[in-house]
Every structure is written in C-alpha cells, then in structure tokens.
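Today I'm going through one protein model and jotting down what I look up.

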Amino acid sequence: MTTSDNTAERRLDALIVGAGFAGLYMLHKLREAGFKAEIIETAPDVGGAWYWNRYPGARCDVESLAYSYSFSPELDSEWSWSERYAAQPEIRRYISFAADRLDLRRDIHFEMRATAANFDKLTNLWHVDTDRGTRFAARFCIMATGPITCPTLPDIPGMGTFAGDIFHTARWPEDHPGFAGQRVGVIGTGSSGVQLIPKVAEQAERLFVFLRTANFTVPARNGPLPDTDLARWAEERTSIRSVMWQGAVSGAGDLFMDLGLRMTRMTPAASFTLEQRRDILDRRWDWGGAVLQGSFKDVMTNRAVNDEVAEFIRSKIGEIVRDPAKAELLKPKGFALGTKRLCVGTDYYETYNRENVEIVDVKLTPIQRVTPSGVVVAGEEIPLDALLLATGFDALTGAFTQIDIRGADGQALNDLWRDGPHTYLGLAIAGFPNFFMIGGPGSPSVFSNVVLTNEFQVETIAGLIGWMDRNGCVRADANCEAQSDWTDHVNEVVKYSLLSTADSWYVGANIPGKARAILAYCGGIASYRNRCEAVIRAEYAGFDFA
Ligand code: NA7
C-alpha cells in the first residue's frame with residue numbers, strides 16, 4: 001500500500017504497529033469481524049523480526065512445525081516446511097505466503113515508523129504520528145512490535161570511524177556477498193552470534209571472536225523434515241497443539257520425542273538415579289534443540305539440578321573443542337543454565353577447532369577502541385575488514401519506549417515503566433485506554449512459543465473489541481488494581497525460578513540505565529491462558545468500560 005495523503009488523518013477503527021506474525025493475524029482477525037484496520041511497518045515488507053534478522057545462519061530455535069499459525073486449516077495444509085528448524089529465508093517466505101493468502105498487503109503501510117501516540121479522552125481516539133508525516137486517528141492502537149526487535153550497539157569509542165563493513169545481525173544488508181578472503185571480527189556470542197560464527201568461519205580468511213560471556217549452546221541437529229514427521233503432523237497437529245498448551249510438549253524440539261523421554265520434563269530430577277539422569281541428558285543432547293533445558297521438571301527451579309545439566313554441557317564442550325585453553329574459555333561460568341537464553345547452534349563448538357578462528361577474551365582485555373582499520377585490544381590493533389555486531393536487543397520494552405506514547409492524562413509510558421513494565425495480563429496498561437499489546441512485556445512472550453501465544457492474545461484482543469461494540473462501550477481501560485495484581489504476580493512467580501538470577505536481557509540488564517525487572521511472564525502458557533479465560537468469562541474483569 002502506498003500512502004500519499006499525509007495532510008489529513010486517516011480514520012480507522014484500529015491501527016496496528018508491526019507486520020510480523022502478530023500484527024498480520026491481528027489485521028486478519030479484525031477485518032474478519034468487520035473493523036477497518038491498517039498496519040504500519042518500518043520494513044519494506046512483511047516479516048517483522050524475520051525480515052530484519054537475515055545474517056548468515058539465522059534460523060529459528062523452535063521447531064518449524066510448531067512455529068506456524070494454527071488458526072487456519074488452509075494455511076496449515078497449503079504450506080510444507082522443509083527443515084526441522086527453518087532458516088530465516090523460509091520463515092520469511094512463510095509469513096509472506098500467509099500475508100498474500102489472506103490478502104493483507106493492501107492494508108499495510110510499509111517503510112513507515114510510529115513516532116508518537118496520544119490518547120484523546122474527549123473523543124476516545126488514539127492519534128498516531130509517523131516519520132512519513134502520515135497521521136492516524138484510531139479507536140484502538142495495537143502494538144505488535146515484537147519482543148526482540150530493537151537492536152543495541154556496543155558503546156565502544158570510535159565505532160563510527162570503522163572504514164570496513166560494520167553491521168548488526170538484526171540490520172543485515174540484503175544480498176551481502178560474504179567475507180571470502182577477509183579478516184572478520186564478531187562481537188557477541190548469544191543466540192545470534194552462535195548461529196553467525198560458524199557460517200563466517202567457513203568464508204573468512206581469519207575470524208576473531210570477541211568473547212565476553214560464553215553461553216550454553218546445544219546442537220540443533222537440524223535436517224530435512226522426514227515425510228513421516230510431515231504426515232504425522234498433518235494427522236495429529238490439533239491434538240499436539242492442545243498438548244502444547246498444557247505444557248507437556250514444548251514445541252521447542254520435543255514434538256515427536258518418544259513419550260518416556262518427553263515426560264521427564266514433567267518429573268523432578270530426584271526421581272531418577274544418577275545413571276538414569278545421565279542417560280536422559282545424553283539422549284536429549286543427541287535428540288538436539290533446546291530440550292536439554294527441559295530435561296527435568298526442576299532444572300529452572302533447583303540450582304543443584306541446574307548445575308548438573310550445566311556441568312553435562314561443559315563436559316561436552318571439553319570433548320568437542322580440542323584446544324583445552326579455548327575449551328575453558330567457551331565453558332559458561334557464573335550463571336545458571338537457561339538464565340541467559342540457551343543457544344541452539346550447528347557446529348558451534350566444532351568451529352573453534354578451525355585454524356582460522358581465534359578467541360579474544362574481552363572480559364579479561366576489553367576492546368579499548370575501534371579504529372578505521374580494526375579494533376584495539378590490550379594496546380594492540382587487530383586489523384579487520386569487517387566487524388559484525390551480534391550484540392542483542394533492548395528486549396520487550398525497547399519497541400515501546402522509542403515511541404512517545406501518552407495516555408489519557410498525557411502521562412508518558414516511559415515514565416510509568418521507569419522501574420520496569422506495569423501491565424494488565426501483558427495485554428493492556430492502566431491509563432492507556434484502548435491500547436493493546438501482543439507478545440509484549442508482562443505476557444509469556446519470549447518464555448513461550450511466541451507464535452502460539454501471539455495467536456491467543458490476538459484472539460483475546462479481537463474478542464474484547466467485539467464485545468465492546470456489542471455492548472456499546474467506547475473505552476476499555478485496565479484498572480490500576482488489576483494491573484498491580486498482575487504485575488505483582490509476574491514479579492512473584494519469577495522468584496520460584498532461577499530465571500532472574502543472571503544479568504541477562506530477560507531482566508533488562510544488557511541496557512545501561514534500564515530498570516532491572518523481569519520483562520516477560522514465566523508462569524507458563526497454560527496458567528496464562530487459564531487466567532485470561534477466567535477474565536473473559538467474567539466479562540473482562542479488571543477492565544473499566546465507558
Ligand atoms: P544476546 O543474547 O543479548 O547476546 C548479545 C551478545 O553480545 C552477548 O554475548 C553479550 O555479552 C555480547 N555483547 C554485547 N555488548 C558487548 C560488548 N560491548 N562487548 C562484548 N560483548 C558484548 O542477543 P542475541 O541477538 O544473540 O539473541 C537475542 C535473542 O534473539 C535470542 O535469544 C533469540 O531469542 C533471538 P554479555 O552476555 O552481555 O557479556
């Protein structure tokens with residue numbers, strides 16, 4: 001859709017920000033219900049995070065079969081995934097296919113960024129400004145901006161002076177020719193770095209990995225999806241998805257694991273002998289994917305159990321990496337497994353056996369500055385042709401705080417969230433009527449299969465908007481008490497887990513000055529859904545309507 005009318009406000013029922021999985025389904029759902037809705041999207045195409053994260057090796061760490069829309073039997077039956085863990089180009093094609101199949105593009109304004117959103121309490125309209133001059137007036141403003149979409153750059157002196165290629169993984173240029181014959185540096189060894197490093201190592205003459213914190217990485221064991229899996233999925237997907245909602249299958253990688261091995265995730269480690277536990281860990285390691293973190297019920301609640309699984313991974317690193325000094329640097333230390341997101345890789349540790357790959361321990365000797373021709377570490381310049389930044393994101397709240405969002409009394413969301421996000425069910429914010437969020441703070445988001453939980457949130461928001469219309473309501477505002485109960489619950493439930501014990505982006509610790517608070521709800525998707533369904537049954541208890 002091209003937009004030329006940047007003088008008058010475009011009047012809508014709903015403005016949706018973001019054309020990823022969440023925003024596209026929201027548009028479809030509202031359209032189906034007869035509402036006039038449009039999307040604004042900063043990228044020139046659909047896909048959200050999957051549009052931007054096109055670095056070599058970018059791949060989902062949730063199984064493709066489970067990382068797809070479930071609402072449409074037609075989409076399900078017309079699409080077939082090629083690999084167990086789909087690579088970024090295939091996921092982007094899938095999202096594009098869904099957008100075309102549902103005819104969504106005509107209501108999407110591409111290359112347009114929201115800059116400000118203000119609620120007018122007299123007219124009950126959201127006024128949204130954009131960087132293209134187009135203004136919108138909408139009854140509802142829905143943020144489908146994605147939890148990990150706002151990249152952060154390291155604060156190293158001289159960054160702007162580097163003369164070679166310098167990219168963040170989430171802003172990778174399209175059709176980049178690669179790094180053959182080059183000296184390349186990578187900063188960052190989280191999920192993105194872990195996927196990127198083996199691919200760059202295959203191309204570069206020399207690769208320097210600037211390692212600050214070694215993360216736990218498990219092998220994906222990716223490969224073509226066998227016909228038997230595809231057939232079984234076609235037959236059983238409805239029941240598998242409902243089991244996913246109950247939490248007995250994570251979808252991260254245990255869809256077709258044998259029942260006995262799968263059920264260990266519901267059983268405390270102490271129910272098994274040491275030999276049985278070792279066997280479970282070995283079999284899960286061999287199965288591949290993030291399932292190691294779910295080996296036992298109490299991996300994320302009991303530090304001793306967590307340590308045992310962590311030590312198992314450290315022993316595997318020692319077996320794979322031939323140089324003992326490198327292996328030692330690559331063994332994660334000082335935080336519990338899973339408290340920084342578990343990385344899923346392919347040949348990650350094996351890559352450090354290549355002669356062209358060097359580790360620079362920047363915890364010991366930080367990068368002092370970037371020069372036009374390289375980086376300076378411990379007083380010496382390491383000459384580089386390219387510097388690749390896998391340095392992460394201002395997660396969950398970043399996409400909100402970069403927009404000037406103001407509620408009914410002109411209050412700024414940035415002020416309200418100064419000590420961490422306050423939300424009602426991760427769906428709404430008190431004082432910001434008719435403003436909804438999908439996959440955002442306070443919801444299961446990054447602690448769940450986001451496609452699955454996004455769909456549920458979309459349906460909940462669409463249900464609420466439909467209910468308001470049927471009941472003659474023009475305004476829904478989360479009440480302060482309900483919001484503070486939910487926020488307390490989000491903060492309380494994490495105390496029973498190890499999740500907030502590390503300095504990770506889960507708690508905002510990667511962004512200087514960001515309040516330390518758990519950013520997503522870790523109480524499980526089943527309990528989240530039950531809670532929301534109880535609210536719906538009670539005619540949207542916790543919301544005040546006008
Ligand atoms: P992450 O997981 O936040 O990883 C960022 C990495 O960058 C991490 O290793 C950081 O080390 C490192 N980093 C950041 N700044 C610096 C500086 N200044 N010097 C050295 N190292 C630095 O981001 P990802 O993109 O990998 O993954 C984010 C999520 O996206 C992922 O979980 C998937 O869900 C998709 P640190 O740990 O801070 O020492």
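Predicted model: local features only at pLDDT ≥ 70, side-chain atom pairs only at ≥ 80, totals over all residues.

**Entry 1: helix 1**

I began with the covered part of helix 1, and its buried residues are Phe21, Ala22, Gly23, Leu24, Tyr25, Met26, Leu27, His28, Leu30 and Arg31. That makes 10 of its 12 residues buried, so I'm calling helix 1 mostly covered.

Next I checked the length of helix 1, which takes in residues 21-32. At 1.5 Å a residue, its 12 residues should span 16 Å, and I find 17 Å between the end C-alpha atoms, which agrees.

Then I moved on to strand 8, residues 183-187. Is it enclosed or open? Four of its five residues are buried, so the rest of the structure largely encloses it.

Which strands does it pair with? One is strand 9 (residues 206-211), joined to strand 8 by five bridges. The two run parallel.

Strand 16 (residues 386-389) is another partner, with four bridges to strand 8. This pair is parallel too. I picked out Val184, whose bridge partner in strand 16 is Ala386.

**Entry 2: the ligand**

How many residues surround the ligand? I get 17, and the closest are Ser192, Arg212, Thr213, Lys340 and Arg341.

I wrote down some distances to oxygen atoms of the ligand. For Ser192, an N or O atom of the side chain is 2.6 Å from a ligand oxygen. Thr189 comes in through its backbone, with an N or O atom at 3.0 Å from a ligand oxygen. Gly190 also has a polar backbone atom in the list, 3.5 Å from an oxygen of the ligand. As for cover, the ligand taken alone exposes 790 Å², and the protein buries 82% of that.

Last, I looked up a few single residues.

Arg237 sits in helix 6 (residues 227-246). Its relative accessibility is 14%, and the cut-off for buried is under 20%, so Arg237 counts as buried. What does its side chain touch? I found a polar contact with the side chain of Asp76, at 3.3 Å.

Glu358 belongs to strand 12 (residues 357-361). At 30% relative accessibility it counts as partly exposed. I also checked Glu358 against Leu211: they are 147 residues apart in sequence, with 10.0 Å between their C-alpha atoms.

Glu311 is part of helix 9 (residues 303-320). It has 45% relative accessibility, so I noted Glu311 as partly exposed.

Methods. Residues numbered from 1 in each chain as written. Heavy atoms only, no water. Buried < 20%, exposed > 50% of the residue type's maximum accessible area, 1.4 Å probe, protein only. Pairing = 2+ DSSP bridges. Expected span 1.5 Å × (residues − 1). Near = heavy atom within 4 Å. Polar contact = N/O pair within 3.5 Å; in protein donor to acceptor, adjacent residues only side chain to side chain. Areas by Shrake-Rupley, 256 points an atom, 1.4 Å probe, with all protein chains shown as cover.
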